[in-house]
Amino acid sequence: MSAIVCSHVDKAYGATSVIRDLNLAIEEHEFVVFLGPSGCGKSTLLRMLAGLEDISGGEVSIGGKVVNDLDPGDRGIAMVFQNYALYPHMTIFDNVAFGLKRQKVPAAEIKKRVEAVAKTLGLEPYLGRKPTELSGGQQQRVAIARAMIKTPKVFLFDEPLSNLDAKLRNHMRVEIARLHQSLKTTTVYVTHDQLEAMTLADRIVLLKDGVIEQIGSPAEIYRRPGNQFVAGFIGTPNMNFIDAMVARKGDGWTLTGAGTLLSLEGSDFYLQHGDRVVLGIRPPDLKTAEAGAANLLQGTADLIEFHGNDALVTFGSGGKEISALVPARECPEQSAPVRYSFEEQSIHLFDAESGRSLRKQ
Amino acid sequence: MKQYRMRPGRLIAKAVLALAGFLAVFPLVWTALNALKNNVDIITRVPKVIFTPTLANIGYILGRDSVLTGLYNSIVACGSAVLIGIVLGLPAAYAVARYPNRFAGDIQFFVLSLRFLPPVAVAIPLMVIWLQVGLYDTLPALIVTYSLLTISVIMWLAIPAFQGVPKEIEEAAFVDGYGAYSVFWRIALPVAARSLIGAIAFSFVLVWNEFLIALMLSSSNAKTLPIVASELSQQGMNVPWGILNASVVLLSLPPLLFLGILSGFLNSVFRQKNN
């Protein structure tokens with residue numbers, strides 16, 4: 001049985017549609033990340049699961065029970081907010097215990113459970129303090145403790161790490177991953193940070209303009225993006241896109257674009273003579289070309305960004321900016337001529353009109 | 001050791017501040033002193049700072065039935081009106097702040113507009129209304145009329161106070177299983193308490209010092225302290241300065257007490273911090 005099912009879910013504010021006919025099933029114990037650019041409806045969707053936003057159409061069920069008309073408190077969920085949302089007038093102990101008090105749990109048990117949760121999250125020294133006396137990371141840990149203590153069926157995280165500095169964010173990300181490993185609670189996590197999504201998720205739900213673009217494991221989404229938007233959104237540095245014309249040539253195919261001619265076997269893709277396509281290739285898949293290599297992309301190095309182990313080389317080819325991520329020792333001089341080639345397995349082809357992937361399933 | 005030099009800008013700012021503080025406090029101190037002086041010491045050409053204090057003025061004030069009745073009327077009328085203002089105004093303000101409907105803007109404007117009219121314009125109609133109802137010169141009439149003032153002031157000041165409570169905090173309480181009423185009591189009220197106390201105190205001072213409406217709505221039984229105090233100056237040819245000053249002191253004490261109690265309450269709410 002799925003933990004969360006959304007069927008034909010709609011959300012509109014007046015005439016503005018935010019989420020359109022969304023269908024999604026989240027399995028028990030799964031860690032699902034809603035990922036997408038800002039304004040894609042991911043937070044709205046999460047808040048609809050929580051019961052903080054009305055559901056305009058369709059049905060949401062949690063644990064097999066339709067929750068459309070249930071109050072947030074009756075849905076068996078716990079939520080962690082972006083800005084922590086701790087109760088400023090209560091001590092940390094009371095913040096964590098607030099939900100249990102509502103459930104009329106005996107005081108002795110509340111004390112026991114709060115202390116247990118505080119121990120797990122390293123909050124014991126702070127139980128008597130007020131939220132404002134804690135650092136951002138500690139406050140977020142209190143927010144997580146407050147969610148954990150209710151032993152909910154589902155955890156909802158709304159961009160929980162975006163208010164933290166980079167170092168703390170990495171640290172908390174690991175803590176959240178550990179927590180999920182030990183608790184196995186079904187988790188829905190909203191973020192716009194693809195690194196968080198890739199590292200935490202069992203499955204990523206990639207949203208854009210209130211529509212699901214793709215659902216899949218991080219590896220699937222990275223390796224087999226379903227369309228050009230997904231391909232461009234996932235992966236750092238961003239994928240290169242080159243407009244190209246397809247032509248039949250013997251048993252194979254040729255692609256003409258960005259001032260070069262590329263020949264492919266093309267057996268992995270649905271291709272037709274005269275198609276206009278977009279060739280996608282990730283910067284790390286471009287390798288410094290050896291003599292006599294086929295499928296060359298060449299130009300002069302415009303911009304070199306040194307990353308440590310690697311360097312990102314940006315060059316112009318046929319009026320198109322292309323980036324290649326190469327080992328730092330192969331890094332060319334500024335304005336030097338560069339030649340890069342790629343393996344056919346590493347490319348992605350998309351229909352120029354619809355943006356849909358042309359890869360055969 | 002390096003000493004921080006007092007720059008001229010800071011010096012001037014401090015001087016201005018001291019002057020403003022003096023201007024604000026001196027009349028109060030002088031009034032309090034005069035309340036303890038004999039009339040002879042008050043009307044001397046050279047102001048006297050050193051004098052033989054007397055409790056005669058205060059004794060006279062406290063010995064008059066009219067003053068005690070006025071004090072009682074003021075406390076009952078203002079206290080009840082502020083209480084009604086709290087009970088009705090705060091929930092109304094919360095509803096406007098958190099659950100705005102298409103009338104929310106109109107409601108806010110209407111509440112403010114109650115304060116547009118000069119009191120003198122409404123005092124006469126109000127007097128006629130209470131005469132017709134048969135409640136003229138009674139405390140209930142004064143309480144209801146003052147409640148109009150306190151509700152509107154408290155509402156107007158409490159709406160932004162409630163809007164200042166972060167919405168996520170209330171949502172977290174919803175997720176914790178609390179309903180809208182519990183969220184109001186347990187989250188919104190305590191979190192907004194500091195601003196709300198200000199609103200309540202302001203409304204109390206406003207009705208406590210109110211003169212014109214009280215003058216129009218009372219003739220003998222329901223006179224409030226400001227009316228009684230003003231009447232003290234109309235006795236005979238000599239202005240009894242000492243008695244007037246004593247009545248002013250009496251008039252100023254309840255708002256001070258009220259503020260003291262309120263801020264004490266505030267401190268007790270926020271004190272837990274340091275344990």
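Chain A holds an open, mixed sheet of six strands, ordered E6-E7-E8-E3-E9-E10. Strands here are DSSP E runs of at least two residues, helices are H or I runs of at least four, and both are numbered from the N terminus. The model is predicted: local features need pLDDT of at least 70, side-chain atom pairs count only at pLDDT 80 or more, and totals for chains, interfaces and linings use all residues. Residues are numbered from 1 along each chain as its sequence is written, while chains are lettered from A and ligands numbered from 1 in the order in which they are written.

**The sheet in chain A**
- Strands E6 (77-80) and E10 (211-216) of chain A are the edges; each has a single partner strand, so one side of each lacks a neighbour in the sheet.
- Neighbouring strands of this sheet are turned by 20° against each other on average, direction ignored. Axes are lines fitted to C-alpha atoms, for helices over the stretch in contact; angles run from 0 to 180 degrees between N-to-C directions.
- E6(A) pairs in the parallel sense with strand E7 (residues 154-158) of chain A, over four bridges. Pairing requires at least two DSSP bridges between two strands.
- Opposite A:Val80 stands A:Phe157 in E7(A).

**Chain A overall**
- Chain A has eight helices and 20 strands.
- Its C-alpha atoms fill a box of roughly 80 × 45 × 35 Å along the principal axes.
- Of the 361 residues of chain A, 41% are buried. Buried means 20 or more other C-beta atoms within 10 Å of the residue's own, with C-beta atoms placed from the backbone.
- Among contacts in chain A with a separation of 6 or more, 64% join residues 24 or more positions apart. A contact puts two C-beta atoms, placed from the backbone, within 7 Å.

**A helix pair in chain B**
- Helices H8 (residues 167-175) and H9 (residues 180-208) of chain B pack at about 155°, with axes 10 Å apart.
- H8(B) and H9(B) are therefore roughly antiparallel, a term for angles over 145 degrees.
- H8(B) contributes B:Ile169, B:Glu170, B:Ala173 and B:Phe174 to the contact; H9(B) contributes B:Val183, B:Arg186, B:Ile187, B:Ala188 and B:Val191.
- These contact residues divide into seven nonpolar, no polar and two charged. Ala, Val, Leu, Ile, Met, Phe, Trp, Tyr, Cys and Pro count as nonpolar, Asp, Glu, Lys and Arg as charged, and the others, Gly among them, as polar.

**Where chains A and B meet**
- The contact takes 20 residues from chain A and 16 residues from chain B.
- On the chain A side, E6 and helix H2 (92-102) each supply at least two residues.
- That side of chain A divides into 11 nonpolar, seven polar and two charged residues.

Key:
A residue is buried if 20 or more other C-beta atoms lie within 10 Å of its own, exposed if 12 or fewer, and partly exposed in between; C-beta atoms are placed from the backbone. Angles under 35 degrees count as roughly parallel, over 145 as roughly antiparallel, 65 to 115 as roughly perpendicular and the rest as oblique.
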